[in-house]
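Here are a few exercises to work through with the structure open in your viewer. Try each task before you read its solution.

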Amino acid sequence: MKVENEFWFDEDAGPLVRPYAVARGRTRPTRHDLEMTTLVVAVRADRHVNVDAEYAHIIRMSRRPLSIAEVSATLNLPLAVVKVLLSDLIDWGLIIFRSPPRTSDVPRTELLQAVLDGIRKL
Amino acid sequence: MAFVSSDTPVTQTLSARAVKILVAGGFGVGKTTMVGSVSEIRPLRTEEMISELSSGVDDMSGIEDKTTTTVALDFGRITINPDLILYLFGTPGQDRFWFMWDELAYEALGAVVLADTRRLESCFAAVDFFERRKIPFIVAVNCFDNTPVYESHEVGEALGIDKEIPTVMCDVRRRDSSKEVLIKLLEHLISLTMPATVSAKESSPIQ
């Protein structure tokens, strides 16, 4: 059977294929405690490290604390893929992270008041 | 593969933490406009693959029948102080799949439901979502030009929400107006952490 001018993929397949190639096909991060508002920062952003381009890019952009959502938006990669990459960087000791405050471990009113004060100053 | 010597000194510390507020509502109601008007950065977009388990999964097969879709979110950032960053996430308007995005709602401080009185029903799903997940929210009516003017309590009644939930009028294109909406939300959230003074009075012993 000859099928002409028929492709089972098109340009829309590009962004789907690339992210998972970047993560070497992995869709689950080694760490499960990463959320979209987890903050990450490079341990030493100035130092050259022998890693793949995407990893190097994350290290460069993380000179100051960034959320995982910001890393995802900047790299134009889905959150799931970015979590895989960040898990690697954390495991290698190149990135440190901090989880968002939990309802249970923070005085709620104090936190909300700080946010309110900050917004009023905008 | 990374090669790092084991004696690498840790020169960075991370004392900052991030919190989030959601901005929800129907398609075209101004969620991204609101995020953009108060954000210190141009709104960014992130996306997640959401899988939905189809109903009637045959457990004999051992194969989960999943539908997967990509859901995008626009978000902005407000640095509250060096140790606290607030992210505002605008939920996708048309996409029914964001309701399955568990992480989106997880530990959110609260939410703003943006409403358009010309098509109030478009925010019903968001109201329903936050009510069910017990995420505190306020309603902000985005006043477009030529919008019929309603009193805020009329909008609250039309939505069938609790009388304690504030409803405010706004124009999210204006930074100060979006800011007022956020202030109203935070005041509401703080009031919810306070002991209920009314019930305390009621339960006090009669002299």
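**Exercise 1. A residue at the chain boundary**

Find which residues T193(B) is in contact with, leaving aside its neighbours within four places in sequence.

*Solution.* Keep in mind that this is a predicted model. Step one: locate the residue, which sits in helix 5 of chain B. Step two: list the contacts of T193(B), which are R108(A), T109(A) and L112(A). T193(B) has 14 C-beta neighbours inside 10 Å, so T193(B) counts as partly exposed.

**Exercise 2. The side of chain B that touches chain A**

Work out how many residues of chain B are in contact with chain A, and which element gives the most to that side.

*Solution.* Start with the totals: 39 residues of chain B are in contact with 40 residues of chain A. Next, look for elements of chain B that give two or more residues to this side: they are strand 1 (17-25), strand 2 (44-53), strand 3 (66-81), strand 4 (84-90) and helix 5. Helix 5 of chain B gives the most, with 8 residues. Finally, sort the side of chain B that touches chain A by class: 24 residues are nonpolar, 6 polar and 9 charged.

**Exercise 3. Two helices in chain B**

Determine at what angle helix 1 and helix 5 of chain B pack, and which residues meet there.

*Solution.* Take the geometry to begin with. Helix 1 (residues 31-38) and helix 5 (residues 175-193) of chain B have axes 8 Å apart and pack at an angle of about 100°. Angles of 65 to 115 degrees count as roughly perpendicular, and helix 1 and helix 5 of chain B are therefore roughly perpendicular to each other. Now turn to the residues: helix 1 of chain B brings M34(B), S37(B) and V38(B), while helix 5 of chain B brings R175(B), S178(B), K179(B) and L182(B). By class, this contact has 3 nonpolar, 2 polar and 2 charged residues.

**Exercise 4. The faces of a helix in chain A**

Decide which residues of helix 2 of chain A are buried and which are exposed.

*Solution.* Looking down the axis, the buried residues of helix 2 of chain A fall within an arc of 100°, so they line one face of the helix. To finish, ask what the buried residues of helix 2 of chain A pack against: strand 1 (39-42), helix 3 (68-75) and helix 4 (79-91) of chain A.

**Exercise 5. The sheet of chain A**

*Solution.* Begin with the count: chain A has 5 helices and 3 strands, in the pattern α-β-α-β-α-α-β-α along the sequence. Then check one pairing: strand 1 and strand 2 of chain A pair in the antiparallel sense over 2 bridges. In strand 2 of chain A, S67(A) is the bridge partner of L39(A).

Note on methods
Residues are numbered from 1 along each chain as its sequence is written. Chains are lettered from A and ligands numbered from 1 in the order in which they are written. This is a predicted model: local features need pLDDT of at least 70, side-chain atom pairs count only at pLDDT 80 or more; totals for chains, interfaces and linings use all residues. Axes are lines fitted to C-alpha atoms, for helices over the stretch in contact, and angles run from 0 to 180 degrees between N-to-C directions. Helices (H or I, at least four residues) and strands (E, at least two) are DSSP runs, numbered from the N terminus. Angles under 35 degrees count as roughly parallel, over 145 as roughly antiparallel, 65 to 115 as roughly perpendicular and the rest as oblique. Two residues are in contact if their C-beta atoms, placed from the backbone, lie within 7 Å. Ala, Val, Leu, Ile, Met, Phe, Trp, Tyr, Cys and Pro count as nonpolar, Asp, Glu, Lys and Arg as charged, and the others, Gly among them, as polar. A residue is buried if 20 or more other C-beta atoms lie within 10 Å of its own, exposed if 12 or fewer, and partly exposed in between; C-beta atoms are placed from the backbone. The arc is that of the directions from the helix axis to the C-beta atoms. Two strands pair if DSSP finds at least two bridges between them.
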